[in-house]
Amino acid sequence: MTDPIRFTLDGAEVEAQPGETIWQVAQRHGVEIPHLCWLPKPGYRADGNCRACMVEIDGERVLAASCIRRPTPGMKVQAASERAKASRQLVFELLIGDQPERAAAHDPQSRLWQWADAVEVGASRFPRRLPPAPDRSHPAMAVQLDACIHCNLCVRACREVQVNDVIGMAGRGHGEKIVFDFDDPMGRSTCVACGECVQACPTGALMPASLVDQNGVFCNEPDREVESVCP
C-alpha cells in the first residue's frame with residue numbers, strides 16, 4: 001500500500017491518499033474551495049477549466065487549479081491567501097458579467113450564484129456579451145445559453161456519464177458554444193431526455209422547462225425532490 005502524502009494546507013499539516021487532488025483533501029478537512037466545472041459524484045472527472053478553484057502553492061509563479069492538481073510531499077498550499085481569494089473573486093466577476101441579472105435569472109439559486117455569494121461577488125464591472133437566443137424546442141428542458149460558462153459539465157454528463165453522446169462543443173474562441181448533435185435544436189436532436197445535463201449544469205443554462213417561464217425567468221419551486229436509483 002502506498003504511503004499517504006503529507007503536505008501543508010493553510011498552515012495545517014494534512015495527508016492525501018494517492019490519487020487525491022488538493023480540492024478533495026481540502027473538502028475532507030472542511031476547507032471550502034469554489035468549484036463549477038466538476039461534480040464530486042460518480043462518473044464525473046475534474047476538468048480544471050472554470051478556474052474557480054485556484055489556490056496558491058509556495059514557490060510556484062502561477063496559481064493552480066485545485067480540482068486537478070495533486071499534492072506532493074512537503075508542498076505548501078494556500079487556499080485562503082489574499083492572492084488566491086482575489087483570483088477567485090475576479091473569476092466570478094467575469095462569469096456573472098455574462099449572466100442575466102439575478103432577479104431575472106433562470107436559476108437564482110444555482111451553484112454559480114451560491115458560490116458568488118460565498119466569495120462576496122454580487123455585481124460585475126465587465127460588459128455583457130450579446131446573449132444567444134433561447135431554445136424552447138424540447139418539451140421537458142429549456143436551453144438558455146446566455147447563462148452558459150462553458151464548463152463542459154453537460155458534455156461530460158451526456159458523453160461520459162450517460163454515454164449518449166448528444167452534447168458537444170462547436171466553434172472556436174469567442175464563438176465557442178454548446179451544441180446538440182450537429183447544432184440542432186435540442187428538441188430535434190437525438191436527446192433521450194435523461195436529464196443528466198440539467199442536473200449537472202451549475203448556472204441554469206439547462207433547466208427543467210416547468211421551472212422557467214417563456215422568458216426563461218425562474219418561476220416555480222419544485223414541490224419535492226426524489227432520490228432515484230436510475231443511473
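**Close-up views of a predicted model**

View 1. Lining the second largest pocket are 11 nonpolar, three polar and six charged residues (Ala, Val, Leu, Ile, Met, Phe, Trp, Tyr, Cys and Pro count as nonpolar, Asp, Glu, Lys and Arg as charged, the others, Gly among them, as polar). This is a predicted model, where local features need pLDDT of at least 70 and side-chain atom pairs pLDDT 80 or more, while totals for chains, interfaces and linings use all residues. Residues are numbered from 1 along each chain as its sequence is written, and side-chain values use heavy atoms, without hydrogens and water. A pocket is an open set of points on a 1 Å grid over the protein atoms alone, where a 1.4 Å probe fits, with protein on both sides within 12 Å along at least five of seven lines; lining residues have an atom within 4 Å of a point. Look for P132, A133, L145, K177 and I178, which lie nearest the pocket's centre. Strand β8 (residues 177-180) gives the largest share of the lining, four residues (strands are DSSP E runs of at least two residues, helices H or I runs of at least four, numbered from the N terminus).

**View 2. R6 and its surroundings.** The side chains of R6 and E15 are joined by a polar contact of 3.1 Å. P73 is 67 residues away from R6 in sequence, yet their C-alpha atoms are 5.3 Å apart.

Definitions and conventions: A polar contact is a pair of N or O atoms within 3.5 Å; within protein, one must be able to donate a hydrogen and the other to accept it, and residues adjacent in sequence count only if both atoms are side-chain atoms.
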